[in-house]
Amino acid sequence: MTVTIKPITDHEQYEVNGHLVSKDSLDNWTCKHDLSSQELNAFRNYEKLVINNKAFKKHTKATYQSK
(Lines give C-alpha, C1' and ligand atoms only; values in the text may rest on other atoms or scores of the structure.)
Protein backbone atom coordinates (compact mmCIF):
# COMPACT_ATOMS: atom_id res chain seq x y z
CA MET A 1 0.00 0.00 0.00
CA THR A 2 1.22 3.49 -0.83
CA VAL A 3 0.51 6.34 1.61
CA THR A 4 0.77 9.93 0.39
CA ILE A 5 0.98 12.81 2.86
CA LYS A 6 0.55 16.38 1.64
CA PRO A 7 0.86 19.42 3.87
CA ILE A 8 -2.10 21.80 3.77
CA THR A 9 -1.00 24.12 6.60
CA ASP A 10 2.34 23.28 8.25
CA HIS A 11 1.95 22.06 11.84
CA GLU A 12 -1.87 22.21 11.56
CA GLN A 13 -3.38 20.27 8.64
CA TYR A 14 -2.21 17.44 6.40
CA GLU A 15 -3.90 15.24 3.83
CA VAL A 16 -3.22 11.52 4.24
CA ASN A 17 -4.48 9.57 1.21
CA GLY A 18 -7.25 12.13 0.78
CA HIS A 19 -8.22 12.24 4.48
CA LEU A 20 -7.78 15.52 6.34
CA VAL A 21 -5.73 15.17 9.54
CA SER A 22 -5.63 18.29 11.72
CA LYS A 23 -4.74 19.44 15.22
CA ASP A 24 -7.57 20.04 17.65
CA SER A 25 -7.66 22.64 20.43
CA LEU A 26 -5.75 20.26 22.75
CA ASP A 27 -2.92 19.78 20.19
CA ASN A 28 -4.00 16.22 19.35
CA TRP A 29 -4.07 15.00 15.75
CA THR A 30 -7.61 14.11 14.64
CA CYS A 31 -9.28 12.80 11.51
CA LYS A 32 -12.98 12.36 10.78
CA HIS A 33 -12.22 9.00 9.13
CA ASP A 34 -10.37 6.10 10.71
CA LEU A 35 -6.93 5.80 9.14
CA SER A 36 -5.62 2.35 8.29
CA SER A 37 -2.67 1.06 10.31
CA GLN A 38 -0.35 1.79 7.35
CA GLU A 39 -1.67 5.36 7.06
CA LEU A 40 -1.36 5.90 10.81
CA ASN A 41 2.21 4.54 10.89
CA ALA A 42 3.20 6.66 7.89
CA PHE A 43 1.77 9.80 9.50
CA ARG A 44 3.56 9.06 12.79
CA ASN A 45 6.84 8.65 10.89
CA TYR A 46 6.17 11.88 8.97
CA GLU A 47 5.40 13.69 12.22
CA LYS A 48 8.63 12.48 13.83
CA LEU A 49 10.86 13.10 10.79
CA VAL A 50 9.32 16.25 9.28
CA ILE A 51 6.73 18.02 11.45
CA ASN A 52 8.80 17.90 14.65
CA ASN A 53 12.10 18.60 12.85
CA LYS A 54 13.05 22.27 13.17
CA ALA A 55 15.48 21.90 10.23
CA PHE A 56 12.50 21.81 7.82
CA LYS A 57 11.44 25.35 6.97
CA LYS A 58 8.61 24.17 4.72
CA HIS A 59 7.00 20.75 4.91
CA THR A 60 7.03 18.66 1.75
CA LYS A 61 4.82 16.01 0.23
CA ALA A 62 5.91 12.48 1.20
CA THR A 63 5.09 9.02 -0.09
CA TYR A 64 5.52 5.90 2.02
CA GLN A 65 5.51 2.39 0.56
CA SER A 66 4.66 -0.52 2.85
CA LYS A 67 6.26 -3.90 2.28
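Reader: Which residue in E2 does Ile 5 stand opposite?

Author: In this predicted model, Ile 5 stands opposite Val 16 in E2.

Reader: What makes E1 and E2 count as paired strands, and in which sense do they run?

Author: Two strands pair when at least two bridges are found between them; E1 and E2 are joined by four bridges and run antiparallel, so they qualify as paired. The two strands form a hairpin with three residues between them, and His 11 in that turn has a positive phi of about 70°.

Reader: What joins E2 to E3?

Author: Four bridges join E2 (residues 13-16) to E3 (residues 19-23), and the two strands run antiparallel. In E3, Ser 22 is the bridge partner of Gln 13. The hairpin of E2 and E3 has two residues between the strands, and Asn 17 there has a positive phi near 50°.

Reader: In what order do the five strands stand in the open sheet, and why are E4 and E5 said to be at the edges?

Author: The order is E4-E3-E2-E1-E5, with antiparallel pairing. E4 and E5 each have a single partner strand, so one side of each is left without a neighbour in the sheet, and both are edge strands. On average, neighbouring strands of this sheet are turned by 25° against each other, direction ignored. H1 packs on the sheet, touching E1, E2, E3, E4 and E5, and its direction makes about 50° with that of E1.

Reader: Which residues make up the largest nonpolar core?

Author: This core has 11 residues in all, among them Val 3, Ile 5, Tyr 14, Val 16, Val 21, Phe 43 and Ala 62. E1 (2-9), E2 and H1 each supply at least two of its residues, and the largest share, five residues, comes from H1. In soluble globular proteins, nonpolar side chains tend to be buried together.

Reader: Why is Phe 43 called buried?

Author: The relative accessibility of Phe 43 is 4%, and buried means under 20%, so Phe 43 counts as buried.

Reader: Why is the pair of Trp 29 and Phe 43 called edge-to-face?

Author: Ring centres must lie within 6.5 Å to pair, and planes over 60 degrees apart count as edge-to-face; the centres of these two rings are 5.1 Å apart and their planes stand at 80°, so the pair is edge-to-face. Trp 29 lies in E4 and Phe 43 in H1, so the pair ties together parts that are 14 residues apart in sequence. Tyr 14, Trp 29, Phe 43 and Tyr 46 form one aromatic cluster, and a search of the whole structure finds four aromatic pairs.

Reader: How do you know whether His 59 is buried or exposed?

Author: With a relative accessible area of 4%, His 59 falls under the 20% limit, so His 59 is buried. His 59 lies in the loop between H1 (37-51) and E5 (62-65), and residues up to four places away in sequence left aside, His 59 touches Pro 7, Asp 10, His 11, Tyr 14, Tyr 46, Val 50 and Ile 51.

Reader: What makes the approach of the side chains of His 59 and Tyr 14 a polar contact?

Author: The two side chains make this contact at 2.6 Å, and the N or O atoms of a polar contact must lie within 3.5 Å, so the distance meets the cut-off.

Methods: Residues numbered from 1 in each chain as written. Heavy atoms only, no water. Buried < 20%, exposed > 50% of the residue type's maximum accessible area, 1.4 Å probe, protein only. Polar contact = N/O pair within 3.5 Å; in protein donor to acceptor, adjacent residues only side chain to side chain. Contact = heavy atoms within 4.5 Å. Core = buried A, V, L, I, M, F, W, Y, C linked by side-chain atoms within 4.5 Å. Axes fitted to C-alpha atoms, helices over the stretch in contact; angles between N-to-C directions. Phe/Tyr/Trp six-rings, centres within 6.5 Å; stacked < 30°, edge-to-face > 60°.
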